[in-house]
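Please look over the sequence and the structure before reading on.

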Amino acid sequence: MRFYITTPIYYVNGEPHLGHAYTTIAADILARYHRQKGDDVFFLTGVDEHGNKVAQAAAERGLTPRQHVDQLAPRFRHLAEQLGATNDFFIRTTDPEHEAYVQQFVERLKAAGDIEKRAYGGLYCTACEGFWYERDLAPDGTCPDHGIKPVWLEEENYYFLLSKYQERLAELFRANPDLVKPRSRYNEALSFIDQGLEDISISRSSITWGVPVPWDPEQVIYVWVDALINYLSALTYARPGEDLVERFWPAVYHLLAKDILKFHAVIWPALLLSAGHSLPTGEFIHGYLLMGGEKMSKTRGNVLDPFAVMDQYGIDPLRFYLMREVALGQDGVISLEGFEGRYNSELANELGNLVSRSVSMIGKYRDGRIPEAPVDEVLRDVAAEGEAMVRAAGAHYDVVAVTAAIETVWEYVRRLNRLVEEEAPWKLVKEEAQAGRLDMVLHGLAAGLRLVALAIYPVIPGTAEKILQRLGQAHGAADLLLEKAAWTGLTPAAVVVGPPLFPRIEAGG
Ligand code: MSP
């Protein structure tokens, strides 16, 4: 199976924040999971560097747009790296290859007879980089997404005849109810189409920071058209000498938040149809991270710095917390207190503790080697539940239900902790006659933890690898494949004792 996963390309109008991290982490989880299934995966993220919003941010800093983006784009690239994202490419819309492809793409729209020059005036929100109908604004006339007043913008521009695609889009949507998920977002997109599509301006004459319209270099291509095309352009130059479009289009899944649903679920499909491409296989629309009840956004100024959180607590705790707390598809409130609570209870007490006590008991009671043991009545259920847990977690990842996958794994972590309490190895070790049972329990803990590591790997990959390493198990890409997730896949190896995986955060610390 082919699996091409994308994040939105983020505006470089400021420093990256946790909202950006959230989507990148989610996309990375899906990429890693699909690699574990043995799929052919390509994972793309990057930055959106053109347009008014970025040009304005540059002007505010007294820089040219070029200087500004050259300073900030590396911060976004660095964020992806810091998060442990395994993106196969990082696109910048100022890449000359992207710019050339955008020009070719709009030439195709023109050749299809879908471009016209017209005058237009409308209410434009620079934060959205988009026009609003008056009826859709907040009661006080502000943009409902950014809380700022749109400005009247009037220009003679090139138009894309979106209205021509209304029927075809509606038909395609009706024929494929899985195109956009969750269902509420699908309904929203479809009702938007059914309300009637108006042609959209796809060029700007008022700004210069963008890709020139190939047949009229006085105008630049609208930043949203430029940006959406990245999903295709990247495939043409990410691997020099190799055209990945054949291989990965249309096996593409777009991940994004609801703020940019219309662009992805309506405008992008129409542009694709016009240029002669198939529609994406799927789009998954998630909700917002909220802070103090409001969407976290650069424009609103209520942002948490992901670098600071990772410096203090590590990468995996951040990945875990965001995915555990805010189920993809819903909005969720995040806070430092919430983070510390889950860190201590779920990571330190439940998972971290299970790993250290299992490894240390194998160390003390069996000279540091995982004992061989048959699966008999003591562990038959634990073994079956472990294998079922991996399958259930996979079924959740398959439908982008990462929070549910985490919960499934954690139920099993608790099950293994109960096994320790019930069997009390520290008592078994004192009775000669219980040596076989102790072997089974210790073997079972190691085998169970190995399955936990495989199932949770997409979410907290560094921790999963550490668990395997503590259990003396190989942990290369081939060892992480889900086809290896059998109870009996454990190698009775020597364990490696190490410091706690998650040192507790002390109150006020
Ligand atoms: N540049 C456009 C996207 C072009 S894609 C062809 C853009 N950029 S953005 O920087 O504003 O990023 C928006 C995306 O960042 C959201 O769709 C979401 O993926 C992520 N998020 C930004 N803030 C977020 C939250 N507060 N919560 C969740 N996701 C957030 O729009």
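Is C128 buried or exposed? C128 is buried, because its relative accessible area is 12% and buried means under 20%, exposed over 50%, and partly exposed in between (1.4 Å probe, protein chains only).

This is a predicted model, in which local features need pLDDT of at least 70 and side-chain atom pairs count only at pLDDT 80 or more, while totals for chains, interfaces and linings use all residues. Residues are numbered from 1 along each chain as its sequence is written, and side-chain values use heavy atoms, with hydrogens and water left out.

**Cysteines**

- The structure holds 0 disulfides, a disulfide being a pair of cysteine sulfur atoms within 2.5 Å.
- The cysteine sulfur closest to that of C125 belongs to C128, and at 3.7 Å it is too far away for a bond.
- C128 is likewise in no disulfide, and its nearest cysteine sulfur is that of C125.
- C125 is buried, with a relative accessible area of 1%.

**Salt bridges: the total**

- The model contains 29 salt bridges.
- A salt bridge is a side-chain nitrogen of Lys or Arg within 4 Å of a carboxyl oxygen of Asp or Glu.

- R32 pairs with D28 in a salt bridge, and their closest N and O atoms are 2.7 Å apart.
- Both residues belong to helix α1 (residues 18-36), where they are 4 residues apart, about one turn of the helix.
- Helices (H or I, at least four residues) and strands (E, at least two) are DSSP runs, numbered from the N terminus.
- R32 and D28 are both buried.

**A salt bridge between distant parts of the chain**

- K37 and D398 form a salt bridge through their side chains, at 2.8 Å from N to O.
- This pair links distant parts of the chain, since K37 is in the loop between α1 and β2 (40-48) and D398 is in helix α14 (residues 380-398), 361 residues apart.
- K37 is partly exposed, with a relative accessible area of 38%.
- D398 is also partly exposed, at 40% relative accessibility.

- The side chains of E346 and R324 form a salt bridge of 3.0 Å, N to O.
- E346 is in helix α13 (residues 336-365) and R324 is in helix α12 (residues 315-325), so the pair ties together parts 22 residues apart in sequence.
- E346 and R324 are both buried.
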